[in-house]
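Here is a walk through one model, going from a single side chain out to the metal sites, the cores and the domains. Have the structure open as you read.

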Amino acid sequence: MDSLANIQLPNTGQLAIPLYVVGILIELGLIWLGKAKGQYEHKDAMTSLLMGVGNVATGIIYAVVLIAMMTWAYNYRIFDPGVNWWSILLCFVLDDFRRYVYHAGLHRIRWWWADHVNHHSSQHYNLTTALRQPWTTIFTGSFLLYLPLAWLGFHPLLILFVGGINLAYQFLLHTETVGKLWKPIEYVMNTPSHHRVHHSSNPRYLDANYGCVFIIWDRIFGTFVEEREEDMPKYGLVQNIGTFNLFYVAFHEWISIFKDVIRPGLTMRERLMYMFAPPGWSHDGSRKTSEELKAQYVRLHPDQAGMEGLPELPGKNAARGMVQPAE
Amino acid sequence: MNPLVLGGLIVGGLILIDVLLRLASKRGGGRLENDKEAIDRFIQEFPEIDSSDIGRVVTTQDRRHAFIVNRSDGVGFVRALGDRFVVRLLGSKDLASVDDDGETGLKLRFHDVTLRPARLLFSSADDRDFVAASLRQSAGI
Ligand SMILES: [Zn+2]
Ligand SMILES: [Zn+2]
């Protein structure tokens, strides 16, 4: 293995902090001067920032585990691309795809959602929202998803480097100051517009736009939804949290999972579903998953059925199935 | 970067942003203008509830909380959080306790850990009694 001292890559984590502070001050200034769209609220923004500080602190343990695991996998690498311009680029793209897959899982598996829900729990959308990050990522086991990259032969420090650039890019997405960008950019890249969709609880926008730097993954896998003027994003969760207490912001979904799992009278399958089924699953139908919320929305707004992000009306599908294809 | 410089940047940045936001924030946070606003916010989050099912709306003195007592299906609860609102439909599994507090006050505790306990003041004893009775009936306590 190349010694760590031989790999000369900038520490993106450290470089990002001035970017965060300056970025927030610029966004705040533009909003106050009336030059840009956006809203800040004191307690909300400070909660987000302190969640970010806690994420950095807990992230040290995560980083130690992650580097140890990646170093182990790297020792069994099947290729040896080294660190050069094309390996950096390839690693960046593959890591971005890995992030897309992971992000989709974060929204569809409750065990992972318990961690990621924190990032979505603000009803505001500004650069501080980007820093509202979880403290419990170590419990998701997500470091395992990094192993294929190291096993392919990308150096652990290179993987951390491209990840750092990815996160810095994502920080800049969390703003209302930027509308829609030039069409080719909106087609390929994740943009503030696409990520506003991702942070919205409007039924059509649920479970959409998981991409981090590139939005093409969503276009390829059918999870892309365009931001629409007639359905402006309503930021936050389907059921918003009513607290700025950092402990509950960080751990509320873990507490809910625990309470659900220990309920008396459930089967083992039901207990497992409370841990690993999509968020909103319940054994008695008392809650709604995003699929059920989308179905409810089209029942109430049949004219919207089949549009991007929304299902067809159930009756319409059945009727279509009965039509014989013309020869 | 020197860890001390980095730490200083984080702490300094936090303090600076905190001061700026304190100066700019509106005092008191979100207020419900009227009953219609409370109903609109409730219906937006619970669109399956028929508007004909909406009964009496009672707002607290500070206009930061409203209860929307439905004819058949639980009690709607709209609560200000900063300059935004949090909405719930309080049914049988949501309330841990409902206690009268003085002449016109009410103390609520919720099972949902993201809803912190509420100490509310109503404009009249009649409002408080009506909300308390509706919540107790809805919660079966
Ligand atoms: Zn997300
Ligand atoms: Zn985000």
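## Starting at Phe97(A)

Phe97(A) sits in helix 3 of chain A; helices (H or I, at least four residues) and strands (E, at least two) are DSSP runs, numbered from the N terminus. This is a predicted model, in which local features need pLDDT of at least 70, side-chain atom pairs count only at pLDDT 80 or more, and totals for chains, interfaces and linings use all residues. Residues are numbered from 1 along each chain as its sequence is written, chains are lettered from A and ligands numbered from 1 in the order in which they are written, and side-chain values use heavy atoms, with hydrogens and water left out.

Setting aside neighbours within four places in sequence, Phe97(A) is in contact (heavy atoms within 4.5 Å) with Trp217(A) and Phe221(A). Phe97(A) and Trp217(A) are 120 residues apart in sequence, yet 7.0 Å apart in space, C-alpha to C-alpha.

## Two zinc sites

Take the zinc ion (ligand 1) to begin with. Its protein donors are His103(A), His107(A), His116(A), His120(A) and His198(A), each through NE2, at 2.1 to 2.2 Å. Donors here are N, O and S atoms within 2.8 Å of the metal (3.2 Å for Na, K and Ca); water is not among the atoms, so sites may look incomplete. Along the chain the spacing reads H-x3-H-x8-H-x3-H-x77-H. His107(A) is buried, at 9% relative accessible area, and His116(A) is buried with 9% too.

Now go 5.8 Å over to the zinc ion (ligand 2). His119(A) is in the loop between helix 4 (110-116) and helix 5 (127-130) of chain A, and His174(A) in the loop between helix 7 and helix 8 (183-188), so the pair ties together parts that are 55 residues apart in sequence. His119(A) counts as buried at 5% relative accessibility, and His174(A) is buried at 2%.

## Nonpolar cores

A nonpolar core is a set of buried Ala, Val, Leu, Ile, Met, Phe, Trp, Tyr and Cys residues joined through side-chain atoms within 4.5 Å. The largest one has 23 residues, and Met70(A) and Ile159(A) touch the most other members. Helix 2 (42-74), helix 3 (85-108), helix 6 (147-152) and helix 7 (156-171) of chain A each give two or more residues to this core, with the largest share, five residues, coming from helix 2.

Beyond its neighbours within four places in sequence, Met70(A) is in contact with Tyr146(A), Leu147(A), Ala150(A), Pro156(A), Ile159(A) and Leu160(A). A second, separate core of 22 residues takes in both chains, including Phe244(A), Leu81(B), Leu108(B) and Ala132(B).

## Domains

Chain A is assigned domain 1 (17-180) and domain 2 (246-314); the bounds come from an automatic or database domain assignment. Their centres are 25 Å apart, taken over C-alpha atoms, and 18 residues of domain 1 are in contact with 17 residues of domain 2. Chain B is divided into domain 1 (1-30) and domain 2 (35-139), with 35 Å between the centres over C-alpha atoms.

## Two positive phi angles

Asn209(A) is not a glycine, but has a positive phi of about 55°. Asn209(A) lies in the loop between helix 9 (192-198) and helix 10 (216-221) of chain A, and counts as buried at 0% relative accessibility.

Over in chain B, Arg63(B) has a positive phi of about 60°, and is not a glycine either. Arg63(B) is in the loop between strand 1 (54-59) and strand 2 (65-70), and at 29% relative accessibility counts as partly exposed.

The mean pLDDT (the predictor's confidence in each residue, from 0 to 100) of chain A is 93, and 93% of its residues reach 70 or more. pLDDT stays under 50 over residues 1-5 of chain A, where the model has eleven contacts beyond four places in sequence. Residues 318-327 of chain A also stay under 50, with one such contact. Where pLDDT is low, the predicted coordinates should not be read in detail.

Definitions and conventions. Buried means under 20% relative accessible area, exposed over 50%, partly exposed in between (1.4 Å probe, protein chains only).
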